[in-house]
Amino acid sequence: MTVGATGGQTVVRALRRLGADIIFSVSGNQILPIYDAATDAGLRIIHMRHESAAAYAAAAYAERTGRPG
């Protein structure tokens, strides 16, 4: 972890190291710091209305592209 980095920035750096360029997510106050860091880092955020839908979309994206969703 980089000194002075927020928790959201640390999560986004980890996602980037894994090759992620898109996030399928259900929003809420607890995830807003990650959204802020993701937007700053150029990650695309796809908002889903249900946790299961986000999981299925991420799995389908990974299957089709070979990249993490």
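Thr-39 is exposed in this predicted model, because its relative accessible area is 55% and the cut-off for exposed is over 50%. Thr-39 lies in helix α2. Between the C-alpha atoms of Thr-39 and Val-12 there are 9.5 Å, and along the chain the two residues are 27 residues apart.

**Helices α1 and α2**

Val-12 belongs to helix α1, on the side of the contact that α1 makes with α2. Helix α1 covers residues 7–17 and helix α2 covers residues 32–41. Their axes come within 8 Å and cross at roughly 50°. That angle makes α1 oblique to α2. The crossing of α1 past α2 is right-handed. From α1, the residues in the contact are Gly-8, Gln-9, Val-11, Val-12 and Arg-16. From α2, they are Pro-33, Ile-34, Ala-37, Ala-38 and Ala-41. By type, the residues of this contact divide into seven nonpolar, two polar and one charged.

**The nonpolar cores**

Which residues make up the largest nonpolar core? The core has eight residues in all: Ile-22, Phe-24, Ile-46, Met-48, Ala-54, Ala-57, Ala-58 and Tyr-61. Strand β1 (22–25) and helix α3 (51–65) each supply at least two residues of this core. Helix α3 gives the largest share, four residues. Apart from this core lies another, of five residues, including Ile-23, Ala-37, Ala-38 and Leu-43. Ala-37 and Ala-38 are also among the α2 residues that meet α1.

Phe-24 is found in strand β1. Is Phe-24 buried or exposed? Phe-24 counts as buried, because its relative accessibility is 17% and the cut-off for buried is under 20%. Leaving aside residues up to four places away in sequence, Phe-24 touches Ile-46, Met-48, Ala-54, Ala-57, Ala-58, Tyr-61 and Gly-69. Ala-58, with residues up to four places away in sequence again left aside, touches Phe-24 and Gly-69.

**Two further residues of α3**

Ala-55 has its place in helix α3. With 46% relative accessibility, Ala-55 counts as partly exposed. Phe-24 and Ala-55 are 31 residues apart in sequence, and their C-alpha atoms are 7.5 Å apart in space.

Tyr-56 is exposed, with a relative accessible area of 65%. The C-alpha atoms of Tyr-56 and Gly-19 are separated by 19 Å, and the two residues are 37 residues apart along the chain.

The C-alpha separations given above are listed here.

| Residue pair | Apart along the chain | C-alpha separation |
|---|---|---|
| Thr-39 and Val-12 | 27 residues | 9.5 Å |
| Phe-24 and Ala-55 | 31 residues | 7.5 Å |
| Tyr-56 and Gly-19 | 37 residues | 19 Å |

Methods
Residues numbered from 1 in each chain as written. Predicted model: local features only at pLDDT ≥ 70, side-chain atom pairs only at ≥ 80, totals over all residues. Heavy atoms only, no water. Axes fitted to C-alpha atoms, helices over the stretch in contact; angles between N-to-C directions. Parallel < 35°, antiparallel > 145°, perpendicular 65-115°, else oblique. Left-handed = near helix turned anticlockwise from the far one by under 90°. Contact = heavy atoms within 4.5 Å. Nonpolar A, V, L, I, M, F, W, Y, C, P; charged D, E, K, R; others polar. Core = buried A, V, L, I, M, F, W, Y, C linked by side-chain atoms within 4.5 Å. Buried < 20%, exposed > 50% of the residue type's maximum accessible area, 1.4 Å probe, protein only.
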